[in-house]
Amino acid sequence: SDMEAQLCPKLGMLLSTGRQTSIALRGNIGRSFRAPSFNDLYWPNDGFTYGNADLKPEVGTNFDVGVLFRRNTSYLFQLEVTYFRNAITDLILWEEVAPWQWTPQNVGRARIVGLENGWTFRFPHNRVYMKVVHTWMKVTDETLNSPNRGNRLAYRPDNKLDISTGFNFSIFTINID
């Protein structure tokens with residue numbers, strides 16, 4: 001209740017060819033907002049970690065552009081590649097502020113740049129699917145006059161791999177991620 005209302009406009013476009021086999025070009029640009037979580041603000045001091053009631057919300061500008069190839073007949077096969085770039089002010093990041101003492105802090109300015117590659121396959125009638133997504137990203141501190149300017153931020157992986165599979169049975173779905 002102590003956060004002001006935020007306007008986060010977004011604009012996207014999609015250009016696609018065909019129905020069964022298609023190539024699509026897509027892009028998005030927009031503004032983002034993330035308020036600190038309850039844990040970020042009020043985590044009780046347990047000797048190692050504690051919240052920070054003085055945190056500011058994150059705000060940013062997000063941009064992505066990608067290409068997608070899809071073959072949709074009795075099965076679905078899809079490949080996609082997306083480049084993204086985010087500029088965030090007051091990024092919330094848990095940091096070590098003293099030996100063995102962690103609390104969330106705002107990073108003045110952060111830049112996130114990355115490339116995401118995905119592969120999806122759905123068997124006939126959507127009973128079984130599998131999706132594999134690899135993300136490479138670089139997250140750096142871009143705060144003016146900061147001794148950490150240009151350095152990578154902690155706890156933001158360079159590479160991330162997500163694998164999902166699922167089975168649809170009538171009204172039930174089982175997913176493994």
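Which side chain makes a polar contact with the side chain of serine 164? Select serine 164 and aspartate 177 together, and you will find their side chains joined by a polar contact of 2.8 Å, a term for a pair of N or O atoms within 3.5 Å, where within protein one must be able to donate a hydrogen and the other to accept it, and where residues adjacent in sequence count only if both atoms are side-chain atoms.

This is a predicted model, in which local features need pLDDT of at least 70 and side-chain atom pairs count only at pLDDT 80 or more, while totals for chains, interfaces and linings use all residues. Residues are numbered from 1 along each chain as its sequence is written, and side-chain values use heavy atoms, with hydrogens and water left out.

Staying with serine 164, note that this residue lies in strand 7 (residues 159–169), strands being DSSP runs of E with at least two residues, numbered from the N terminus. Serine 164 counts as buried because its relative accessibility is 17%, buried meaning under 20% relative accessible area, exposed over 50% and partly exposed in between (1.4 Å probe, protein chains only).

Next, select tyrosine 129, where the charged end of arginine 122 sits over the ring, 4.8 Å from its centre; the criterion is NZ of Lys or CZ of Arg within 6 Å of the ring centre and within 35 degrees of the ring normal.

Finally, select valine 139, which, leaving aside its neighbours within four places in sequence, is in contact (heavy atoms within 4.5 Å) with residues including Ile112, Leu153 and Arg156.

Technical notes
Helices (H or I, at least four residues) and strands (E, at least two) are DSSP runs, numbered from the N terminus.
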